[in-house]
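Here is a short report on a predicted model.

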Amino acid sequence: MEFTSVIDGANICKKFKNFTLDIPEFRIPKGFATALVGENGAGKTTLMNILAGVRLDYQGKLEYFDEREQNVEKVKERIGYTAPGLYFMPQWSIRQVEEICGLLFDRFDREKFRDICGKLNIGDGDGKKTVAKLSDGNRMKLMLASVLARETDCLLLDEPASPLDPLMRDGLCQMIREYLESGDGERSVFFSTHNVSDMENVTDYCMILERGRIVEQGFVEELKEKYLLVKGEHCDAEAAKQVLYSFSGSSYGFEGICLAKDLDRLAGMDVKVETATLSQICVAVMKAYTGLQLTA
Amino acid sequence: MKKTVKYYRTFTDIRYRLLLIVVVPAAILGLRAGAGIWLGSRYAANAVLAAGGMTEEMLDFLCCLFLMLFDLLLDYWAFGGIAVKGTDHLGCLKTSARGIPAMAATMRADQVRRLAESVAVPLLGRVVSGTFPGAQGIRKAEEIGYLLAVSVSLYFVSTLAVSVARYWEKLEAGMSLAGLLIIVLGIFWAAGQFWPWAVLAAAASLSAGASVFFDRKMIRRWEESFYDK
């Protein structure tokens, strides 16, 4: 499917001692929610930091928005970025966060910020609670409130779902959806996550990053056409294993992900073909590329 | 200037400003002046203070000592750990083009506040207690030299204490440093009574050097956080 992009990257490379982020071509579709999935240490946060302009030591070229702006400093006002960890000074109070965001960003709406804080139950309502006294989940909510209260064109959210409870994850999906809808196709969201199943209903496009490389990407519907879930009887397990992209078996039967183009090779076997979830696809792709030894 | 004041007001809590700019200086000033008045009164002739050899100069030292300690303590409240490597306390600031310059301006405004307080509190303490000018039979010029030497020394030692403590996350580490710096402050104070102008010159040079050095070092630390340094 053809799309215009909100951020374009070419030959993005960042070398560490034992790891290299190497992305020859990179495009985030405009007007959609894109999930960045990958195992720990795959390079998700590094990539997010590069895109947000809080890490500048990399090689390659990035272009932002329709203007193809290459200087990230000029577009920071239009990007809302949240990161795990100490994003705000621990001694800042919620009210101070509001004042500081108002100072740092021209298009920050204080009323909206207070409204979001109220809806998300952050602090005690008077804004006196300090960041240090907030739980991890509430800190993430505060970060989200601070970026959602701004008029931005793109959100870069690094692991927004991780510290949130299941109810709030659902709320996060709703917020992302509302953000996209309010932009009439002009707003985009790029988020990294380990909670693929919780975020699936808001994900339009998915990138899978392994060992610093994008190993798979595409619109979710396209990925679901490409990767199919196959279930079968134990007697066919050995034969199916040779065909399947990923395989897990037990004494009762097996299941695995099969590439649609290989489906014909399962002819004659008693198998059931279903649509895979995004989570199942991601796990299968990650297993295929991971360097981890997951089984004894 | 207006912008800097705005940054300072935004990045510091109202309670911090009230305590550091009003309450603490006023309390120290009040106590110091009260003690000075007591010391100079006829009732103090047999008092423990006078009998113990307490002098105006000692009160100056105590005034500086408490000012430095409260400065360090309250700075931890506002900016503690701001220069700690790797913890990335400034994530939010780095996402805005004006974040780091705004914080740098705040730090400079705080230095101006520190200098103003370091000079004003010891001097006003003497004025309010009625022992300036002309206390203890010292010539006026030397007395001014001594008080300025003490004030600028206080600024230098406070700058050193606060700037170094910002590189640590634990308050205990900063307070341990303060313990060491009290000795430095004591040396300046003692020397200032004998060689006021020389001490003033030395303290002024060190203060200017420390202010510039720590300002640049902190900004470099923040800039380096955009890179692998």
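How many bridges join strand 5 of chain A to strand 6 of chain A? There are 4 bridges, and the two strands run parallel. Strand 6 spans residues 154–158. Within this strand, Cys154(A) stands opposite Ile79(A).

Both strands belong to an open sheet of 6 strands in chain A, ordered 5-6-7-3-8-9. The pairing is mixed. Strand 5 (79–82) and strand 9 (213–219) are the edge strands, and each pairs on one side only. On average, neighbouring strands are turned by 15° against each other, direction ignored.

| Helix (chain A) | Strands contacted (chain A) | Angle |
|---|---|---|
| Helix 9 (residues 278–289) | strand 3, strand 8, strand 9 | about 25° with strand 8 |

Is Glu200(A) buried or exposed? Its relative accessibility is 15%, so Glu200(A) counts as buried. The residue sits in the loop between helix 6 (196–199) and strand 8 (205–210) of chain A. Beyond its neighbours within four places in sequence, Glu200(A) is in contact with Lys224(A), Thr277(A), Leu278(A) and Ser279(A).

Val23(B) lies in helix 2 (residues 14–40) of chain B. With a relative accessible area of 43%, Val23(B) is partly exposed.

Technical notes
Residues numbered from 1 in each chain as written. Chains lettered and ligands numbered in written order. Predicted model: local features only at pLDDT ≥ 70, side-chain atom pairs only at ≥ 80, totals over all residues. Heavy atoms only, no water. Buried < 20%, exposed > 50% of the residue type's maximum accessible area, 1.4 Å probe, protein only. Contact = heavy atoms within 4.5 Å. Pairing = 2+ DSSP bridges. Axes fitted to C-alpha atoms, helices over the stretch in contact; angles between N-to-C directions.
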